[in-house]
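Me: I have a model open and want to go through it with you. Can we start with the terms and then take it topic by topic?

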Amino acid sequence: MDVVSRKTITVTVNGESYERDVEARRLLIHFLRDDLDLTGSHIGCDTGNCGACSILLDGVLVKSCMMLAVQADGATIETVEGLAQDGELTGLQQAFSDHHGLQCGYCTPGMLMSATALLRSNAHPDDDEIRKGIQGNICRCTGYVNIVAAIRAAAE
Ligand code: FES
Ligand code: FES
């Protein structure tokens, strides 16, 4: 007999509360994208390497492909969709645009969440600290220089 374990979870995402019935094996990134239609967080590998799925969970940077949705029960989650307020980009988002910190944009949601976490814990990081802050995020386009410049500009 095929028995699929399920659980009802409640999460707050970008200030909105959601209650959903999920399979115990469902990854958090799939829950966000497919159940809540929050497709800003990307899937680049599913193995914890690329960082495209990075989100903040109770203020902590996590790769949402490395967690089960049921493990997020009760948590407060921030995704890239929650950064801009009332159509206004954050200073960090604007800096990515101004400094050409993206090309294809696939890595950008994860980069923005990692950089957001960095700037919250260290408002004035030097370049080494910026590079460490995004070391879990792979960008296949930019060579990182403009991403570092954007984060530096946002910090200034
Ligand atoms: S999709 Fe999660 S780290 Fe790549
Ligand atoms: S901008 Fe294309 S992967 Fe980073």
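Reply: A salt bridge here is a side-chain nitrogen of Lys or Arg within 4 Å of a carboxyl oxygen of Asp or Glu. This is a predicted model, where local features need pLDDT of at least 70, side-chain atom pairs count only at pLDDT 80 or more, and totals for chains, interfaces and linings use all residues. Residues are numbered from 1 along each chain as its sequence is written, chains are lettered from A and ligands numbered from 1 in the order in which they are written, and side-chain values use heavy atoms, with hydrogens and water left out.

Me: How many salt bridges does a search of the whole structure find?

Reply: Seven. One of them joins the side chains of Asp73 and Lys7, at 3.4 Å from N to O.

Me: Which parts does that pair tie together?

Reply: Asp73 is in the loop between strand 4 (60–63) and strand 5 (76–78), and Lys7 is in strand 1 (residues 6–13), so the pair links parts 66 residues apart in sequence. Helices (H or I, at least four residues) and strands (E, at least two) are DSSP runs, numbered from the N terminus.

Me: What about Glu78 and Arg120?

Reply: Their side chains meet in a salt bridge of 2.7 Å, N to O. Glu78 belongs to strand 5 and Arg120 to helix 3 (residues 108–121), so this pair ties together parts 42 residues apart in sequence. Glu78 is partly exposed, at 23%, while Arg120 counts as exposed, at 53%.

Me: Which residues are joined into one network by shared partners?

Reply: Arg26, Asp34 and Asp35.

Me: In which sense do strand 3 and strand 4 pair?

Reply: Antiparallel, over four bridges. Leu57 stands opposite Val60 in strand 4.

Me: Now helix 1. Which of its residues are buried?

Reply: In helix 1 (residues 28–35), Leu28, Ile29, Phe31 and Leu32 are buried. They fall within an arc of 165° seen down the helix axis, so they line one face of the helix. That arc is taken from the directions from the helix axis to the C-beta atoms.

Me: What do they pack against?

Reply: Strand 1, strand 2 (16–23), strand 3 (54–57) and strand 5. Contact means heavy atoms within 4.5 Å.

Me: And the largest nonpolar core, which residues touch the most other members?

Reply: Leu92, Phe96, Met111, Leu112, Ile134, Ile147 and Ile151, out of 22 residues. A nonpolar core is a set of buried Ala, Val, Leu, Ile, Met, Phe, Trp, Tyr and Cys residues joined through side-chain atoms within 4.5 Å. Helix 2 (91–98), helix 3 and helix 5 (145–155) are the elements that give two or more residues to this core, and helix 3 gives the most, with seven.

Me: What is Leu112 in contact with?

Reply: Leaving aside neighbours within four places in sequence, Leu112 is in contact with Val80, Leu83, Leu92, Gln93 and Phe96. There is also a second, separate core of 19 residues, which includes Val11, Phe31, Ala72 and Ile77.

Methods: Buried < 20%, exposed > 50% of the residue type's maximum accessible area, 1.4 Å probe, protein only. Pairing = 2+ DSSP bridges.
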